[in-house]
Protein chains: 2
Amino acid sequence: MRGATNKILNLSEDERKNGVVTHSSGNYAQAVALASKKLGIKAYIVMPKNAPQVKKDGVKSYGGIIIECEPTIEAREMTAKAIQDEKEVTFVHPYNDMDVILGNATAGKELLEKNNDLNCIISPIGGGGLISGIILSSISFGNNCYVIGSEPFNVDDAYKSLQEGYIVKNNLGSDTIADGLKTNLGDITFNIIKENVKEIIRVTEEEIIDSMKLIWERMKIIVEPSSAVTLASVLKYKEKFKNKKVGLIISGGNVDLNNLPWIK
Amino acid sequence: MRGATNKILNLSEDERKNGVVTHSSGNYAQAVALASKKLGIKAYIVMPKNAPQVKKDGVKSYGGIIIECEPTIEAREMTAKAIQDEKEVTFVHPYNDMDVILGNATAGKELLEKNNDLNCIISPIGGGGLISGIILSSISFGNNCYVIGSEPFNVDDAYKSLQEGYIVKNNLGSDTIADGLKTNLGDITFNIIKENVKEIIRVTEEEIIDSMKLIWERMKIIVEPSSAVTLASVLKYKEKFKNKKVGLIISGGNVDLNNLPWIK
């Protein structure tokens, strides 16, 4: 929501005129729809046709215009490009964009303003837009506060990219319950991350589910699996974080309540 | 938590000395345990032996000492009385107590301080401790703000008590998914409610479940069925609340995440 809002606020009058288009099946789709609605501009959202009904309902309730496509990255990108050309609207990328990253950075800024003694912040890594914002705010507002990334073993493209020194993509068909983190890094986000991230911690599907359930039970907030990787990382390496003051980024609550991972 | 804290803060040194005891299977048990822990006093919690493990775990994690009993009101009360005599501790009632009611009243006070133009506040009614607090704060801090109570059809003792003019108890064995609202009114709470409540709205089990799910989905907070009766009341009588500014009391998130009512 922060990234989408900042991106759309920074479009020129001309860019906004006919509306915007993005492709996303998750939070960014709803965020673009809502941010556009508030600014009175049209939002076309390309979603895979197998996206959960609850996500489609969310986008619709915020006034987004849904265009369905086949559930592949290529189909998404092609469909978004076609809309962009046909409707003469502006494409807004979900993460590989400095305005989106700077919008996301406000989360880290607010966290550090309230807790200026944090030793470390852990953020999920999917496309890298959120953690890039957190890194920039930790540099500007932190007091020697380092940033750790967190991702599922099943889609550990960021971990591998840092090892190799170039962007490694996830294998086609790789799957994880943390569906918001399946995305590959972009060139802008990779450059920010590789220079500034201290470490990337990988967690298992079971660790993600256990952490998600713990957050639901004790914090009483509904978070999606992609959000729970950060707590899972701390619980996995308790010693590493002993006596440290650690901030966790928890963002996103898209969950199908009829289909919870701990209920067989 | 507000009621338990205020009650325990208002105990004398002598009353606090050996600790406190209460009987509850739900939020009040955890609240008394936590409030006591913070003040460094012992809390004995009498719980029915069939209480869900998640609730027992909550009480234990806050340092409460659990004493199990048979799952009847009589067994609870007798066991609490026995502990009170044996350990020389102070019994704290969950709702029929002015200190508990005044603690609960702070919820209404805060709501009205932030929204001084509310026409109405809807509160759940179980034992009546929460709504009694809301009534007192609406009188002191509201601007012609009336209070409506909300309860399940299945345990509509408050509705019937107001009709009859004396405390009507729920039939033995009456059941509802809103388990926090099964309690009968006490003499203190009944007297406050009968003089000041505008109306009591009754809702069905299905309406409670639908409202609870809607709150989870859109507000991303975990509320228990007993909390959801207030939203269910508004959705049931939309016309009644048209053009009114309505405050809803939502309190309590004790839910067994392995057993959700909308999953068959």
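I began with A:W216, which is buried, with a relative accessible area of 0%; I take buried as under 20% relative accessible area, exposed as over 50% and partly exposed as in between, with a 1.4 Å probe and protein chains only.

Before going on I noted that this is a predicted model, in which local features need pLDDT of at least 70 and side-chain atom pairs count only at pLDDT 80 or more, while totals for chains, interfaces and linings use all residues. Residues are numbered from 1 along each chain as its sequence is written, chains are lettered from A and ligands numbered from 1 in the order in which they are written, and side-chain values use heavy atoms, with hydrogens and water left out.

*Confidence.* I looked up pLDDT, the predictor's confidence in each residue from 0 to 100, and found a mean of 94 for chain A, with 100% of its residues at 70 or more. For the complex, the predictor gives an ipTM of 0.87 and a pTM of 0.90.

*Aromatic pairs.* I counted rings of Phe, Tyr and Trp (its six-membered ring) as paired if their centres lie within 6.5 Å, with planes under 30 degrees apart stacked, over 60 edge-to-face and the rest tilted.

I then followed A:W216 to B:W216, another edge-to-face pair, at 5.9 Å centre to centre and 80 degrees between the planes. This pair joins two chains, because A:W216 lies in helix α10 of chain A and B:W216 in helix α10 (residues 205-219) of chain B. B:W216 counts as buried because its relative accessibility is 0%. Ring pairs link A:W216, A:W262, B:W216 and B:W262 into a cluster.

*Elsewhere on the helix.* A:S211 is found in helix α10 (residues 205-219) of chain A and counts as buried at 2% relative accessibility. Apart from neighbours within four places in sequence, I found A:S211 in contact (heavy atoms within 4.5 Å) with A:A228, A:L231, A:A232 and A:L235.

Methods: Helices (H or I, at least four residues) and strands (E, at least two) are DSSP runs, numbered from the N terminus.
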